[in-house]
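Subject: Structure for you to look at

Hello,

Please find the structure below, with its sequence. My notes on what was found follow it.

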Amino acid sequence: MSTHQFMVSTPVAPTVKSLLRPVLLSAVFFMLLTGIAYPLATTVIGTALFPEQANGSLIERDGQVVGSRQIGQYFSQPEYFHGRPSVTLGVDPSDPSNSISQPYNAAASGGSNQGALSKNLLNAVAERSKAYRLMNGLAEDAPVPVDAVTASASGLDPHISVANARLQAARIARVRGMSLEQVQALIDRYTHARQLGVLGEPRVQVLELNLALDMAKSVQPVVR
């Protein structure tokens with residue numbers, strides 16, 4: 001009987017030198033793909049197909065940019081419609097190491113991240129509801145739209161619900177010396193329908209509506 005000898009080879013572990021070239025090539029490839037090619041392609045395609053949206057959905061008046069359709073602005077004057085509460089923060093000018101409340105700060109998008117059972121949230125909603133009713137001349141037990149007393153996830157929501165806008169209409173009409181019908185007509189004009197007819201709820205773009213108010217009639221003193 002013949003005997004055979006078998007040689008068993010032991011795998012040699014790859015060295016750092018042998019791995020260096022494929023690792024560097026892979027890093028350069030994905031840097032070019034994800035850092036240059038993909039952003040460039042999406043920018044070119046987006047600008048070609050959706051030029052307005054790609055450039056920020058800007059709103060202009062008299063040749064000046066006054067805002068964006070995608071980012072809300074803070075209105076607190078009684079002659080304007082008010083947007084959703086915003087909990088965004090900004091740098092304290094007196095102490096750069098601290099943050100202070102700065103509603104609709106587009107450089108610091110973010111919500112409060114408070115749960116539905118949060119005591120702080122419940123207290124804030126109660127205070128906002130009271131202030132909303134007082135501002136708009138509503139009864140103490142009048143229902144208040146949820147978007148009037150809760151902040152959006154981004155803190156920059158440019159829209160309010162139709163119900164919210166209509167509850168503010170009487171105040172706007174009184175302060176501006178307009179008829180309620182005039183204000184409600186503007187609300188209807190700047191109400192956006194559901195996306196694709198089924199997604200979301202009808203909503204009102206606050207900045208566009210307030211700009212339309214200024215163009216419709218100048219603010220007049222309140223007659224008491």
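Two strands count as paired if DSSP finds at least two bridges between them. Helices (H or I, at least four residues) and strands (E, at least two) are DSSP runs, numbered from the N terminus.

Before the details, note that this is a predicted model, in which local features need pLDDT of at least 70, side-chain atom pairs count only at pLDDT 80 or more, and totals for chains, interfaces and linings use all residues. Residues are numbered from 1 along each chain as its sequence is written, and side-chain values use heavy atoms, with hydrogens and water left out.

Strands

Strand β1 (residues 58-61) pairs with strand β2 (residues 64-68) in the antiparallel sense, over four bridges. Leucine 58 has serine 68 in β2 as its bridge partner. The two strands form a hairpin with two residues between them, and aspartate 62 in the turn has a positive phi of about 55°.

There is also an open sheet of three strands in the order β5-β7-β6, with antiparallel pairing. β5 (159-161) and β6 (191-192) are at the edges with a single partner strand each, so one side of each has no neighbour in the sheet. β6 is joined by two bridges to strand β7 (residues 203-205), and histidine 192 stands opposite arginine 203 in β7.

Salt bridges

A salt bridge is a side-chain nitrogen of Lys or Arg within 4 Å of a carboxyl oxygen of Asp or Glu. The structure holds six salt bridges. In one of them, the side chains of arginine 166 and aspartate 188 meet at 2.5 Å, N to O. This pair links distant parts of the chain, with arginine 166 in helix α4 and aspartate 188 in helix α5 (residues 180-189), 22 residues apart.

Largest pocket

Of the 20 lining residues, the closest to the centre are His82, Gly83, Pro85, Tyr132 and Ala148; a lining residue has an atom within 4 Å of a point. The elements that give two or more residues to the lining are α3 (119-135) and α4 (162-176), and the largest share, four residues, comes from α3.

Regards

Note on methods
On a 1 Å grid over the protein atoms alone, a cavity is a set of points where a 1.4 Å probe fits but cannot get out, and a pocket is an open set with protein on both sides within 12 Å along at least five of seven lines; lining residues have an atom within 4 Å of a point.
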